[in-house]
Amino acid sequence: MLCTSKFYCKSSFSNEDRSSSMEDPDGTLASVAQCIEQLRQSSSSVHEKEYSLRQLLDLIDMRENAFSAVGSHSQAVPVLVSLLRSGSLNVKIQAATVLGSLCKENELRVKVLLGGCIPPLLGLLKSSSTEARIAAAKTIYAVSQGGAKDHVGSKIFSTEGVVPVLWEQLRAGPKTENVVETLLTGTLKNLSNSAEGFWNSTVQSGGVDILVKLLATGQPSTLSSVCFLLASVMMEDASVCSKVLSAEVTKQLLKLLGPGNDDLA
């Protein structure tokens with residue numbers, strides 16, 4: 001119906017504006033929706049997508065209600081996973097970062113997992129770009145933090161063959177950045193409590209030898225996870241004990257029991 005009164009029109013718009021203002025006082029919901037819509041548009045340029053992803057991440061970091069706004073938007077996770085699959089390298093890195101930031105809340109973490117993020121994240125982890133590997137490792141670590149009761153994650157991590165890929169990346173040794181090494185060992189520690197067939201995959205992938213090597217040469221930030229995994233695999237498979245003992249790492253383990261290593265003891 002067309003407005004026949006200037007006063008009525010003005011009053012109607014004022015009421016609508018007032019209602020919108022009450023629901024979204026600082027414009028966060030509108031900003032989030034606008035970013036996601038821009039990312040959905042196939043006509044958007046790479047530059048526009050990069051800008052929208054940066055803006056989305058800034059909103060999540062700086063505005064408390066932006067986190068729930070992104071999480072509750074029905075198209076947010078599908079769009080971000082799609083960009084992670086087929087975007088430019090910078091777009092993939094930023095999409096991975098936004099997805100990782102959503103995993104602070106368990107319900108959203110599960111939504112990200114179910115959205116199909118694992119295959120493209122593993123692909124990004126194998127990239128020649130240091131920035132890409134770090135972004136992928138951070139997000140893989142974030143989605144792995146479901147604990148022993150993460151039945152959804154357990155199935156997905158097993159089906160997608162995550163554990164062998166992580167051991168493969170750690171086998172690269174010096175080629176693996178320190179921060180990536182720390183994140184991957186931390187992820188493996190997380191998955192050891194939930195992923196189906198974790199220990200079998202670990203042994204078949206040469207994980208014991210990699211752990212022994214990391215114990216001797218790895219970064220201090222990795223040692224807590226390395227010791228945890230080494231102790232756990234020995235409890236799972238007694239035959240591993242002889243291999244560990246023959247590697248003569250006992251002195252290294254005893255050294256870690258010394259003062260200042262409370263987190264490793």
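The model is predicted: local features need pLDDT of at least 70, side-chain atom pairs count only at pLDDT 80 or more, and totals for chains, interfaces and linings use all residues. Residues are numbered from 1 along each chain as its sequence is written, and side-chain values use heavy atoms, with hydrogens and water left out.

- The structure holds zero disulfides, a disulfide being a pair of cysteine sulfur atoms within 2.5 Å.
- The cysteine sulfur closest to that of Cys 103 belongs to Cys 117, and at 6.8 Å the distance is too far for a bond.
- Cys 103 is buried, with a relative accessible area of 9%, whereas Cys 241 is partly exposed at 27%. Buried means under 20% relative accessible area, exposed over 50%, and partly exposed in between (1.4 Å probe, protein chains only).

- Cys 35 lies in helix α2, residues 28-40; helices are DSSP runs (H or I, at least four residues), numbered from the N terminus.
- Cys 35 is buried, at 2% relative accessibility.
- Beyond its neighbours within four places in sequence, Cys 35 is in contact with Ser 52, Gln 55, Leu 56 and Leu 59; contact means heavy atoms within 4.5 Å.
- Leu 53 is 18 residues from Cys 35 in sequence, and their C-alpha atoms are 7.3 Å apart.

Technical notes:
Helix = DSSP H or I, 4+ residues; strand = E, 2+ residues; numbered from the N terminus.
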